[in-house]
Structure formats: C-alpha cells, structure tokens
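Please read the following report alongside the coordinates.

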Amino acid sequence: MNETDRSFNSATYALSHIRHDLFRSITTVVTISLTIAFILLTTSLLFGLVNEISETDEKASILDGMIPGSVSMFEEFRIDGSQLSKESKASLVNYLLVTSVLVIMVAFFIMFNTMSISVQERRGEIGVLRSVGFSSREVMKIFLTEGGVIGMISFLSALFLGTPFIVNLAAYLIERGDGGIFFVQPMIPLQLVAIIGALTMLLTVFTTYLAAKKTLRVRPVEMLRPTR
Amino acid sequence: MPDRPFIETIDVVKTYKVGSSMVTALDHFSIGIEEGEMVAIMGPSGSGKTSLLNMIGGLDRPDSGAVRVKEVEINRLGEEQRARFRKNNIGFIFQFFNLIPSLTAIENVLVPVMFERETPVKRAGELLERVGLGDRFDHLPGMLSGGERQRVAIARALINDPMLILADEPTGNIDSETAREIVSLFRELNDEGKTLILATHDRIVAGRAKVMIKIRDGRMVRGKAHSRDGMRSLSPDKGGGVPE
C-alpha cells in the first residue's frame, strides 16, 4: 500500500480497536442492542396505542406489507379498540409510559456500566496517550468517536434484528372485563425510529463521556502502572 | 548567575503511599543535565529511577522542589499544559513498549500526531525505515518481536522530533543482541544532538552513555550533582561519565 494513501484519525483509531477487540465489541453491541430493543418494544406499543387502536386493521395491513406475516397470526384475536373504555385506554397509556421511562433508565445504567468497564480496561492505553502528549480533550474525542460508532451499530442491529420480533411477538394482549381480548399492534413509525436513534446516540456518547471523564481524572503515571 | 542547565531538578522530594506506609522515591534530589548529553541512570529496583524520569517528563509532580526543562518549570504547569509540553519536547520510551495493540506499526508511530492538520505519514514511514522496520508497516504489535516493538516505540518517540528522549529500562525486555542495536541507535540520536536519559539496570547499556548517575533510595550515590550554586562532582574520579 502506498504510504501516502494512508489516513489516520480518531475514526480509524476507533474502528481498529473495535475490530481488534472483536469479542468485547460484540458483547458491548449485544448488550446495548438488547436495551435498545426493550426501549423500542415499550415505545412501539405506546405508539400503537396512542395512534388510535380502532385503526389497527388499516395500519396492520401497511405493516404486514413491510414485514409479511407479522400481523396475520394475531388476526383471530383482533377486536375493535373502540370497545375498550376510555379509562382502560388511559391507564394502559400511563402504564406503557412509565414502563418506557423505566426501561430508558435501566438502559442508561446498563450502558454506563458497560462503557465504564471498557474504558477502565483501557487505562493503560489512556496513560500511553497522555504520555505522548494527548490532552484530555483529545483522549475524550477518541473514546466518544468509539462510543458513537458502537451506539450506531447497536441501534441499527436493534432496529433491523429486533423489529420483526417486536411486531410479531410483542403484540399486547389484554383481557377485557367481559373476557374478550384486546389487541395492540406495536407501531414503529419513522419518527419513533428517529427518536430512538437520537436517544441511543445520546445515551452511548453521554455514558462514554461520564466513564472516560472519571478515568481521565487519574494521573497519567498511575494509569501507566502495569498492576494495580 | 551561571547559565541554567538544560534540565535540572532542585531538591526534589517525592513520596508514595504503599499500603499504609510512605515510601520516599526521591529524597531531596538535585541534578543538572546539559543539552546534548546522554545520561544513564542506574540503580536497583525501587531506587527512584522511574520516578526521576517521570518528574523530568512531567508525568508526575514532586511533593516539593522544582523541575526545570528548557527553562520551563514544569512542576508548576497543570496536567494539560504538561501534556502539551511533552508533545512538543519529549519522547518517551518504556520497558514494556506501551504500543497500542489494535494499531499497526505505522499507526502507532502516528499516534502522537494524529490530531495534526496533516498527518506526517511520510515521516512516520521514514522513521520506521530508519529503525529497520521498513517491511513491517502494517504489522500489529502482537505480530512483532520485543526488539521490533521497541523500535516502533522509538520511531513513535521521534515523530515529533523532540529535543529530549526519556527511556525507562528500554532494553529490559529484549535480548542482548537487539539491546546493543537499540543502544547504538540511541548513540546515533545523541550524536545528532538529542538529549537522552536512560534508566537502566544493564551495565552494557549504561556503559554506552556519556554520563552515568547511580541512585539508591532516592538519593544520588554517584554522578554529577547539581545545586543552586552550579555543577559539582560527587565523585571526581568516576563521576564525570564513562568514557567509551
């Protein structure tokens, strides 16, 4: 390879590390993807409910067009949402709202732990970067780039691998008082995809920032010590 | 006032907490090193060699006393300013090479300058050629021998063309033949005008240096000492250095 063709920046650095420590990267991505999938699950149900359950049929057919077979398996259970009382709907919305918030909080802590461990494991590397003259800001830039890339991959895998499961299996079945079954079709409209995408990036970058900031407080000479 | 030496430590004290007891790594340590010197610091493990290098390189701060490099009192600089000072003036070489395992040889060399507007890829290549790794540009550290890794580390230390190179046990983890080659490389760099300070156990390595300092328990036991009044020799018969 011609040496003048090379480029080397924080993105190259981040990708090299992700590739090199592949097992670690995969476990991180899987962990974050799962938490994102749970956020997607609760929020998609919330969206489905809020967007008028009575229109389920119309929306379901659109969804079925996108992911064949996603709705048909629940066909026999579907009941017009207008049969559900206003109070039931409201309490269901509240329930899903609270669940979504809780799931987002859990996701935050899981991501923070995951990012803390991976930053902590690289204390020595941070020490080296500091010793060759990197400012905290430059070290941070490398870690945030990497957090961003991990977040992006996690989001895409949660979206593309998680969506079929969510729309197929996560249909929300609720017993009505009279013994009938009420069906909520989860909805994943583009605006939800955008919101979850932005939320994932925010959470991964912010948790990486917190984890790296904590480690950067340690003096370089401490970080370079082989055992601690 | 006499001219200040290029590097000086004045009455530096550094203590560390180990468990519940305090260990004195540097005990009122004063030294002056002139520009263009090649100095070997010898002493047993725990004698304070690494601490001294860390002080001079601004990786650590003394509890008391002063450390001046190129007329900058680096112990007064903040962490970020010291990082910038290191970037522009100092090349570090470590016993365990401290390369980034996920980056290739040439990327490791480029690490210190990766945020520059233009990455000096050509210069990194030339440095790798110079240390004899012209055919190892794309090898990861894990694919290189100890000696080769240390050469990559040397090329990395040179990428910013620093005036001062600090090497902590640079031959501690490589075979004696490679160690000799690496020391020859250090001599070459010194001949080009770079100031080198090596902490080492190895007598052969120390023997190639122009000045030898021995320290024990954080105090200098042989070598040139420096005080506020200027230079003086601690042991005039041997202290001025080891001739080739």
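**The six-stranded sheet of chain B**

The model is a predicted one, and the strands and contacts described here should be read as features of that prediction. In chain B, 6 strands form an open sheet with mixed pairing, and their order is β6-β7-β8-β3-β9-β10. Because β6 (90-93) and β10 (219-222) of chain B stand at the edges with a single partner strand each, one side of each is left without a neighbour in the sheet. Neighbouring strands of this sheet are turned against each other by 25 degrees on average, with direction ignored.

Within this sheet, strand β3 (residues 38-42) of chain B and strand β9 (residues 211-216) of chain B pair in the parallel sense over 4 bridges, and B:Ala40 stands opposite B:Met212 in β9(B). On the other hand, β9(B) and β10(B) pair in the antiparallel sense over 3 bridges, with B:Met220 in β10(B) as the bridge partner of B:Ile215. The hairpin of β9(B) and β10(B) has 2 residues between the strands, and B:Asp217 takes a positive phi near 50 degrees there.

**The four-stranded sheet of chain B**

An open sheet of 4 strands, with antiparallel pairing, has the order β2-β1-β4-β5 in chain B. Here β2 and β5 (72-73) of chain B stand at the edges, each with a single partner strand, so one side of each lacks a neighbour in the sheet. Strand β2 (residues 21-33) of chain B runs antiparallel to β1(B), and 9 bridges join the two. β1(B) and β2(B) form a hairpin with 2 residues between them, and B:Gly19 in the turn has a positive phi of about 60 degrees.

**Helices across the sheets**

Helix α1 (residues 49-56) of chain B lies across strands of the six-stranded sheet, namely β3, β6, β7 (164-168), β8 (195-200) and β9 of chain B, and α1(B) also lies across β1, β2 and β4 (64-69) of chain B. Helix α5 (residues 146-158) of chain B lies across β6 and β7 of chain B. The angles between these helices and the strands are set out below.

| Helix | Strand | Angle |
|---|---|---|
| α1(B) | β7(B) | about 155 degrees |
| α1(B) | β1(B) | about 125 degrees |
| α5(B) | β6(B) | about 170 degrees |

**The interface of chain B and chain A**

How many residues of each chain take part in the contact? In chain B 32 residues are in contact with 28 residues of chain A, and the two chains bury about 2900 Å² between them, 63% of it on carbon and sulfur atoms. On the side of chain B, B:Ser102, B:Met114 and B:Phe115 lose the most area to chain A, together 21% of what that side buries.

Across this interface the rule finds 3 salt bridges, and it finds 6 residue pairs in polar contact, with both residues at pLDDT 80 or more. One salt bridge joins the side chains of A:Glu138 and B:Lys87, at 3.5 Å from N to O. The elements β1 (7-18), α2 (79-89), α3 (105-110) and α4 (121-130) of chain B each supply at least two residues of the side of chain B that touches chain A, and α2(B) gives the most, with 5 residues. By residue class, this side of chain B divides into 17 nonpolar, 5 polar and 10 charged residues.

**Salt bridges over all chains**

Over all chains the count by this rule comes to 24 salt bridges. In one of them, A:Arg122 pairs with A:Glu146, and the closest N and O atoms are 2.7 Å apart. This pair links distant parts of the chain, with A:Arg122 in the loop between α4 (86-120) and α5 (123-131) of chain A, and A:Glu146 in helix α6 (residues 136-169) of chain A, 24 residues apart.

How values were computed: Residues numbered from 1 in each chain as written. Chains lettered and ligands numbered in written order. Predicted model: local features only at pLDDT ≥ 70, side-chain atom pairs only at ≥ 80, totals over all residues. Heavy atoms only, no water. Pairing = 2+ DSSP bridges. Axes fitted to C-alpha atoms, helices over the stretch in contact; angles between N-to-C directions. Contact = heavy atoms within 4.5 Å. Buried area = accessible area lost by both parts, 1.4 Å probe. Salt bridge = Lys/Arg side-chain N within 4 Å of Asp/Glu carboxyl O. Polar contact = N/O pair within 3.5 Å; in protein donor to acceptor, adjacent residues only side chain to side chain. Nonpolar A, V, L, I, M, F, W, Y, C, P; charged D, E, K, R; others polar.
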